Each structure stands twice: as C-alpha cells, then as structure tokens.
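We will go from stop to stop, picking residues and helices as we go.

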Amino acid sequence: MTLIIAFSSLITFFITAIQLFVDYTEQRNDLDVTLNSVTVNVPTISGSVWSFDEEQILLSLEGLVNLRNIEHVVVKTENGKSAWEAGAKKSEHVIERAYPLIYDKRGEQVNIGSLNVVASLDQIYERVFSKALGILLSNGVKTFFVALFMFAIFYRLVARRLGALAEKVESITQELAQSDIDGLYEHDPKDDEIQSLRKSFDHMGDKLRATFNTLAETNKSLQHAYEEVQTINSQLELRVHERTQHLSQEIVEREYVQQSLKNSEQRLRDIAESASDWFWETGENHCFTYVSSRCYEVTGLSQEDILGKQRHALAAYLSPDYEPDIWQAYDEILRNELPLEDFRYRLKTRNGQIRVIELSGRPYYDTNNQFMGYRGAARDVTDQVHYQEQLQKAKEKADVASKAKSEFISSMSHELRTPLNGILGFAQLLVMNPKKALDKQQALYVDQILGASNHLLTLINEILDLSKVEAGKINLDMEVISPIDTINDNIDLLEAAARDYEVSISTNYDNVPPDVQIIADVTRFSQVLMNLCFNAIKYNRPQGRVEISLSVEKKRWLRIKVTDTGNGLTSDQIDQLFTPFNRLGAETTDTEGTGVGLSISQKLVHLMQGQIGVESTPGVGSTFWFEFEVVQASPVQHQEATIAFSLNNQRLELLPCRVLYVEDNPENMMLVREIFDKFDQAELLEAQTAEEGLELASTNQLDLILMDLNLPGMDGFQALNILKRQEETKDIPVFALSANVHPDTIRRGIEEGFQSFLTKPVDIVALIKTVNSVLTA
C-alpha cells in the first residue's frame, strides 16, 4: 500500500504541474490576443483624436478597459502628456504596450500621439494559483483510485489465477494418483508433487496423441463422404442436362407463339391500310419490305415498283430534282442507325404532280440486338408546305409594307412639320406683336389657329410614337425609379388641367411603403401616367373626381391606378379600347383626342416589362391601371457632415470616405474623379480592370466599391463573386455603376449581391446620397 501511495503522489504532482503550466500558457496567449485586438480600435481612436471627439475617445477607452486583464488605458499626445485615460494601474507585475496613433490625411501619415495599454499579470497569477489546490486535490484523489484499481486488476487477472492454477495442478495430481488411466500411469507413493505433476502432464500428452489419431480416422471418413457428394453432384448435372433439353422443347413452343404474334401483326397491317398516313418497313439492307396501300394511292406506284427497292433510289428515278444533299444526310442517318424525324423530300408521282413527303421512323432489332431495319409512317404534306410558303411570302410583303409605312410616316412628319412650323410661328408673332394689337375677333381667330395647330402637332407626334413602338425602334432608359416621386413631379400639371374641366384630382399612397421602387423609363412612365390621367379628366363629368392610388398586388407587383367618376365603359368598348385611332364614339363630341394614346401606352408598358388593364362599370366610372415588378429599395438615411459643395443651386454633402472606382472608360473615370475632388476628405482610388480593382481592394481599407459591369477581361459580376469570397473584402459594399439598364441586368445585379444599381449618365445627387447612406449605415 505504501508503494501505491508513493507512486500516486508522484504522478499527482507531475500532472498538476503540467495542468498549471498549460493554464498559465493559455491565459498568457489570451492576453496576447487581447493586446493584439487593440490594434483594431487604433484607426477609430486616431480619427476621434484628430477630430477631437472626446466623447467617442472616452467610449473607446472604456471599451478597452473592459477587456479581460486590461487595467489602464491612456492616450498621450506627441509630447508625452496624458490627454485621456481610463482605469488605473493596480498590479505589481504588468505588461505595457504603446500603439502609435497615425491619421491618414489625404495620403500623408500624421503622427498625433500614442495609445498606452497596461495589462495585469497578477490577475493571471491569482487565477492560476486559485486553481492549484483544487487541481492538486482532484488529481491526488483520482491518481490514488487509479493506482488502487490497477492493483485490484493485477490481483484479479494474475495473482489470483496463478494460485488457482497451483490448486488445480494439485487436484489433478491427486486424481491421477487414485486411478490408473489406460494403464499408462502408475502412482508412486515416493514421488513428490513436482514429479507427480510431471507424470500427470505426460499422461495428458499420451491422451492428446490418442485424440489426434482418432481425428485422423475421422478425417478419412470425411474424405469418403466428400467422394459420395461428388457422385451425387454428377447425378445432379445429368438431371440439369435433361431439364435443358426440356427447355429447348419449350423454346420450340414459344416460336409457335411468335408465329401467332406475326399473325396479329398482319392484322395490324390490315388496319393500317385504312389510315390517312401510310406505314412502311424496310429490311437490314434498307429496301422496302412493306408499304400500306395509302402510299400507292398518293404516288401512283405499284408494289412491284416499291418493294425490294431503297427510298432514295425511287426518288432519284421519279423526282425532277434529286436533291443530293438531302439524301446524303439521309444515308448518314441510316448508316448510324439513328431515328428519322420529320424527314422531307420531293417526289414526282406517275401522273406528273410534285408531292412533298414527310416521314418518321425508328430502327428495330431482333432478340439478339441485331439490326433488322426501320419501321415508321409517312404522309403527304404538300398542301402544308404550300401554305407555309404562302405565309412566308405574305410576311415578306408585310415587312416591305411596314418599311414603306415607316418611310412614309417619316416623310409625312417632315413635310407637315415644315408648314406647321410657319403656321405656329407666325400665329405666335401675331399674338406677341406689341405695336399692333389684334382686335377681339382677330385674337379669337388666332387662338383657333394655335389650338388647331397644336392639336395637329400632337397628332403627328403620337403617330410617330406609335410607329416607333410598333417597329420596336423606341429607346428606353430603364432605371430604378420612385413612382411616388414621379407622380408628385407631374401633379401640378394635372391639377391645372383638372381645373379647366372642373374636376378634382387627388393621390393616395397609404397602401405602399414610401420608399417603394420599380424599374422603368421615367420619361415613358410619366407619358403613360399623363395619358391615363388626361383621359380620366377629359372624359369625366363636371364636378367629377380623379384619384391616383398605389397598391401592391401578389406581393411583388406595384399597381398604379387612375380612377374616375365618368360614364364608364361597356364590355364591347373595353374590347376595342386599345385599338389605334378608335375613339369609341368620342369623335362626335367636343372633346379633343386622337385615339392613339391608349395604344401607345399599352405598348410602352409592355416594352417596360409591365402590364396594363382597365376595370369599368357603366354609369359609375372606370379604373385604368398599369403595374411593374417591385425592386428592393436602397434606403437613404440622414447624415451630418461638415464638407459640402454646391451643384446647380443644390447643397450637397459628402462624408469623409475612401472609395474604389473600377472603370475602363477614361471619360467616365474623369467625371467621377471631378466629383470626388470637390470634397477635401473624400478619396477616390482608380482601377481600369477588374483584376487591378481586386488587388487594390485587398490591400486598402475601403468604405465602398463602385463597379462597372462591362470591363475588359473579367467582368463586374465575376469580380463581385471574388470580392464576396475573399475574407478581407467580403464585407465591403459594392455598387454597380453601368450604362446597361436592361431590366434583366438590373435584376441580376441585385440578386447576385450588388447593394444598389446606379445607371449612366451619372446622377450626381443620387451618387452622393448613395455613398452617404453606406457611410452612415
């Protein structure tokens, strides 16, 4: 027991020392990590010291003091004086580190002081020593019980069994001494225990040898049994052979069944004779073995003319134009045993007609997967081909007519605008002549001339718009817009028109977020809105109402609704509503109009990937609506700044920042550079390729990246994916700045991770607000 206690004590002290050393090392490593993490706060404190933001400095120092093992933090100026501090130095054993405070002033590194941090080692010693006694007692108890357990195991597995073996040998010796087994052992009273044990083992060896001899005899018996099994196996193989012959007989019977199936196939061929198309079959040499009767009716050929011959041989014999290219492709298909799909060729029948034949077929194989030929169906598609040719000719004529129409409209516009310019110009000169004022009747005549001329000019413009839309030649500047802002920009003009018709107009945005956004051409959006609103005003009743409201449909579509209290529309009128030049009977009234505005609006909405419609009740009024898919809004938050400049009488502000712009076009780069040069603390880094931009982003601390999409080599989308995967750049906001404003491109950019999508030409106000929103987020 003394040995166990001594051994366990030695192990206890050794393990305890190791654990205390490991615990001390871990706490020193934690302290090093804490001191290294202070460097993350140095740039923030440098900026705060530079701007003399005392509140932010104290908050940063308090945050550092709250770190584990940090006792005292002090900010000293360049002359070594303490300016701000937090905590107090209490421990005898400490580690002190100083971090220089350097501010980047437009590329110039300015040393403004240092940050001194004091970390306590006494706290680590106290924590380690507080654990020492507990660890020592715990390890002592555990080691003692482990040693005790090992002693018990040793006793149970070794010592006790050795004793039991000794007792067993003595018992065997006594049993052997009492009886003589097979006359091989005689007990001698003079023998001692060892001699008796030796003789007992000799006796057991004799018995084992006898047992081995018995096993040898048994093995001979097993060999004999194996030979009998072989005999039985031979008999079994004979029976299997007999069964195989029986199966061969069954195969003969199955062939009889197959013959029956062939008879059924003949019945199917008989059925095929009455089909409108005809069925055919060729053998492995691609010669016809079967053709249904419909083929003979169409071609005028007999069975002797077709069966046993190949298809292109018949075509070469009968067709006026053999068409070798088609038949080369046909031979290639047959050579590779591929399916025939809608293969067409021309054939001259016996009566001299040229027919177009279309066929399809599949190769078929026997049970051994050997190619047997083709089977399929064919039909006469001559009428269908003639119809398609007529359609193509009609399309070509329509294209020529459309081109002629466009040229006529363009010419008409020029010829009409020239005299119309003189009419409007001289009419305005008459009104504006201060030397000779018009009398009342003359002024009335001139007003009529101006009104009619303006109406004619509107008609010409709308016809040109309609022509451009129908020809698909209209250019759209798709971008992310605020429909609420666009409506508000046009509301004054609508209110003036409403007053002229004694109609009230109002807006309702309660059902949508105030920052809701869509992708559209803001000019064409306004054109559609104004057309629907002017119609609602013109065709309303006196003292009527018009309401512009917004709602979100199906969670992702923003619907703009224009509701009036006019006479409403019938279902027949709604069916003709978007037909050009159809005013639905309004041409007999005094209300001016051309009848093409709604048609243009419908086509513009569709070109902008939107939808348009109407709901109306006769005698109550109508609701015209158009809708676009909602896109994620980019919030612009309020911010404070001291740096500003004026652009077009608008006061703009930009926070201090470092921005990387990736752009290969020198003119675009110059424009953005000029914008950032207006701000003293705004720094712009420039890269002409995505690869150069990735290198700058990895080696600089950036607030924002502006990324063009169409770049030489790697494009903007590929560069964005790399930025999002790299640890040092994954958190930098990236904004797209591109002239590609197709809705699909904008939607893809937002889905792949661009925080916002800015379009060219650059909207300076939007650009500055976007940068500020990131800096204050």
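Leaving aside its neighbours within four places in sequence, which residues is Thr-382 in contact with? Select Thr-382 and you will find Ile-354, Arg-355 and Val-356, where contact means heavy atoms within 4.5 Å. Before going further, a word on the ground rules: this is a predicted model, in which local features need pLDDT of at least 70, side-chain atom pairs count only at pLDDT 80 or more, and totals for chains, interfaces and linings use all residues. Residues are numbered from 1 along each chain as its sequence is written, and side-chain values use heavy atoms, with hydrogens and water left out.

**Stop one: Thr-382**

Stay on Thr-382, which sits in helix α9 (residues 382-432). Helices (H or I, at least four residues) and strands (E, at least two) are DSSP runs, numbered from the N terminus. Thr-382 is buried, at 1% relative accessibility; buried means under 20% relative accessible area, exposed over 50%, and partly exposed in between (1.4 Å probe, protein chains only). Now show side chains: those of Thr-382 and Arg-355 make a polar contact at 3.4 Å. Such a contact is a pair of N or O atoms within 3.5 Å; within protein, one must be able to donate a hydrogen and the other to accept it, and residues adjacent in sequence count only if both atoms are side-chain atoms.

**Stop two: two positive phi angles**

Next, pick Asn-369 in the loop between β8 (354-365) and β9 (371-380). Asn-369 is not a glycine, yet its phi is positive, about 65 degrees. Is Asn-369 buried or exposed? With a relative accessible area of 58%, Asn-369 is exposed.

Then jump to Gln-609, in the loop between α14 and β15 (611-617). Its phi is also positive, near 65 degrees, and Gln-609 counts as partly exposed at 45% relative accessibility.

**Stop three: Arg-658**

Select Arg-658 in strand β19 (residues 657-662). Arg-658 counts as buried, at 16% relative accessibility. Which side chains does it reach?

**Stop four: helices α16 and α17**

Show α16 (residues 690-699) and α17 (residues 716-725), whose axes come within 10 Å and cross at roughly 20 degrees. Therefore α16 is roughly parallel to α17, a label for angles under 35 degrees. The axes are lines fitted to C-alpha atoms, for helices over the stretch in contact, and angles run from 0 to 180 degrees between N-to-C directions. Colour Ala-690, Leu-694 and Ala-697 of α16, which meet Ala-719, Ile-722 and Leu-723 of α17. By class, this contact has 6 nonpolar, no polar and no charged residues. Ala, Val, Leu, Ile, Met, Phe, Trp, Tyr, Cys and Pro count as nonpolar, Asp, Glu, Lys and Arg as charged, and the others, Gly among them, as polar.

**Last stop: Phe-757**

Finish at Phe-757 in strand β23 (residues 756-759). Phe-757 is buried, with a relative accessible area of 7%.

Notes: Parallel < 35°, antiparallel > 145°, perpendicular 65-115°, else oblique.
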